[in-house]
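The questions below ask what stands behind each structural term. Each answer sets a value against its definition.

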Amino acid sequence: MSALSSAPAARDRKIAVAGDLQAVFWLGALPMLAACFLPWVLLRPNRIAQGEYLHLPASYLALGLVLALAVPVSARVWPRLTGVLASVALALGFWWLGTRTGAALQGQSDLARASASSGVWLWLLGAGIAVYGAGVLAARLGAVQKWLPWLWLPLLLATVLSGQLSHWSVIRELGVQQSRFVQELAQHLRLVLSALGLAVVIGAPLAVWASRRERVAGTVLGLANGIQTVPSLALLGLLIAPLAALSSAFPALRAMGISGIGTAPALTAMTLYALLPILRNGVVALRGVSPGVLDAARGMGMTDNQRFWRVQLPLALPVWLSGLRQAAAVLVGVASVAQLIGAGGLGYFIFSGMQSGAGDLILLGAVPAALLAIVLSTLLRGLESVLARRLGRA
Amino acid sequence: MIELQHLEKRYTNPQTGAEFYAVKDLSLSFPSGEITALLGPSGCGKTTTLRMINRLIEPTGGHILIDGQDTRRERPEQLRRRIGYVIQQIGLFPHLTVAQNVATVPDLLGQPKAQTQQRVLELLELVGLEPGRFAQRRPAELSGGQQQRVGVARALAADPPVLLMDEPFGALDPLARDMVQDAFLEIQRRLKKTIVMVTHDIDEALRMADRIALMNAGALAQFGTPDDLVRRPASDFVRQFLGEDARLRQLAGLKAADLMQPGDATGLPQIDGRLNARSALSIMLRERAGAVAVLGEDGQVKGVLSWQALEQAG
């Protein structure tokens, strides 16, 4: 009986130790160990004043050290537990951020701010690496508990929903500027989705046309590549003059809200940026469809239209969509800069934070922007794999 | 019957204005219900000829008649839906199931779904793929031989009288090729389609074709039965192309059991009836025998294969 039950455990251990994963877990453990000795909270009497650094109390420190070491050790002796430990470590980083900022703010005025300091960031980095490693490990084990490395997600959600983080300076800023945040987030999304839509409407027919003509493809791709090399700031600046001229020459355009600054130049620039990945992937995808398949389609009596809609497009779609995903990621970034010409978006927080030296405000803009990019990218990747499976490519 | 009358395909180099004939003044009739192989070295115009029949390439001169009707009197798409088409890369649609692939042409023709569905099952059965197991699979889940069977089923879906095949078995490994070729000949024995098959593989042409049109440099070198070409080559080119061992190649396509005759088998070396005639000949040479006894699958002597029988075979 004991021989039977120990056999799979031994196999697990072999898989875990055999790989390169040990190095990954130690790579995660080192920053976590260091984080225990670094300051966790920067307490300032107000948003921009000098502050003092606060370390973890001894009991936290001891628990942190144990947990940091437990992850790589468990990977060696009990790999199935690693996902749980790594998840707990990650969620605990946030939880402690909440409790330590809360403790720091006791007895302080409303203006006081408790920010995350180097210890928090290093801990989260280390725990993040550990969670990644645990995910790979679970996949290798083929364990039933494959979802265990995702345990951090509900734990983190619980931490956030319990209001535990409400003392953290970034959340404080969010509380102060809540309506502004919602407004800028919506504007950010609006910019990204409109530019993406425009780029598809312009880029898709262009890609189809270019995929059929060698010389057109060269010109179009060269042009789109050229646009991509112009820095986003410069492109935004370059568009101010022509759009301003257009708007003063045609009052109708001005009435539509088109001018040298604001949404119009931002959307124009973003559309141009999104064009390249959509064009390039479109041309590559459409051309990548096997000539044998297209010849068969023609030989069976499909008209050119039938051949395009029934065969070429469905086969090209997964690769084409990955271009759309790249475009979405690029656009979330470019939209952050659009604030500079008055188009709004999450860049508002980033730039006002930079101007006033308030790191919390920068985070309030940057972190949601990064999350937005990840969410959009994940959604599109999901769509891609669903399509790929339905189209028989998986 | 498919008739090619003075068929010509001329290409003009846009820079130099030089003219090049891929096919020149080709007149030829493909008899109904037979397999005709278009054979020849690469660049001889055989594929161009095939693709002109369903107008994937438009001729620059001459006419093509199918059952007396000029192919140019119809829209190319309509024409192609009446002509089955099988190509070397198989060209199955990877995003569709086997059943959907086979249903392509009936769908294009707007035939009723229920009828098509029934037809698909019959066809899969016909090409030796169990419908229950294969109908809902994707092409990528099939072996090369199975894919080519689906390709044949798809070409036959709308029951076209004519089938064009461009190196249909070229991409298969030898074992799978033999099996699919056998299966295909069996189907043809039942269906009696008019088949034009492009190949550069002499063995395949000798084995499969009722007639061979051997082409060279855009023109017909010889048209006749495999036996005609092997025994009565019209020119040095034909002889050289088929090779000095053409007779042996021809024998390799025949089974010993099909050539045996009744006779006295006592004292003769014994061979398995499933061996091909060339192997039988090789055994006769090795054993210095004028004949061999042919055994059936049960191990009993079924007949005698003699030197004379081999000589007349074909």
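Q: What makes helix 8 of chain A oblique to helix 9 of chain A?
A: Helix 8 (residues 178-212) and helix 9 (residues 214-229) of chain A pack at about 135 degrees, with their axes 5 Å apart. Axes are lines fitted to C-alpha atoms, for helices over the stretch in contact, and angles run from 0 to 180 degrees between N-to-C directions. Under 35 degrees counts as roughly parallel, over 145 as roughly antiparallel, 65 to 115 as roughly perpendicular, and the rest as oblique. The value for this pair therefore makes helix 8 of chain A oblique to helix 9 of chain A.

Q: What is the basis of the model and its numbering?
A: This is a predicted model, in which local features need pLDDT of at least 70, side-chain atom pairs count only at pLDDT 80 or more, and totals for chains, interfaces and linings use all residues. Residues are numbered from 1 along each chain as its sequence is written, while chains are lettered from A and ligands numbered from 1 in the order in which they are written.

Q: Which residues of helix 8 and helix 9 of chain A meet, and how are they classed?
A: A:Leu206, A:Trp209, A:Ala210 and A:Ser211 in helix 8 meet A:Val216, A:Ala217 and A:Val220 in helix 9. Contact requires C-beta atoms, placed from the backbone, within 7 Å. The contact of these two helices has six nonpolar, one polar and no charged residues. Ala, Val, Leu, Ile, Met, Phe, Trp, Tyr, Cys and Pro count as nonpolar, Asp, Glu, Lys and Arg as charged, and the others, Gly among them, as polar.

Q: Why are helix 4 and helix 5 of chain A called roughly antiparallel?
A: The axes of helix 4 (residues 79-105) and helix 5 (residues 118-141) of chain A come within 8 Å and cross at roughly 155 degrees. Helix 4 and helix 5 of chain A are therefore roughly antiparallel to each other. Their contact has 15 nonpolar, five polar and no charged residues. Residues that meet include A:Gly83 and A:Leu90 in helix 4, and A:Trp123 and A:Ala127 in helix 5.

Q: What makes strand 1 and strand 2 of chain B a pair?
A: Pairing needs at least two bridges found by DSSP. Strand 1 (residues 2-12) and strand 2 (residues 19-30) of chain B have eight, in the antiparallel sense. One bridge partner of B:Lys9 in strand 2 is B:Val23. The two strands form a hairpin with six residues between them, and B:Gly17 in the turn has a positive phi of about 75 degrees.

Q: Why do strand 11 and strand 13 of chain B count as edges?
A: Three strands of chain B form an open sheet in the order 11-12-13, with mixed pairing. Strand 11 (270-272) and strand 13 (301-306) each have a single partner strand, so one side of each is left without a neighbour in the sheet. The twist averages 35 degrees from one strand to the next.

Q: How do you know that strand 12 and strand 13 of chain B pair?
A: Five bridges join strand 12 (residues 291-295) to strand 13, and the two run antiparallel. B:Leu295 stands opposite B:Val301 in strand 13.

Q: What does chain A bring to its contact with chain B?
A: The contact takes 17 residues from chain A and 18 residues from chain B. Helix 13 of chain A gives the largest share of the chain A side, six residues.

Methods: Helix = DSSP H or I, 4+ residues; strand = E, 2+ residues; numbered from the N terminus. Contact = placed C-beta atoms within 7 Å.
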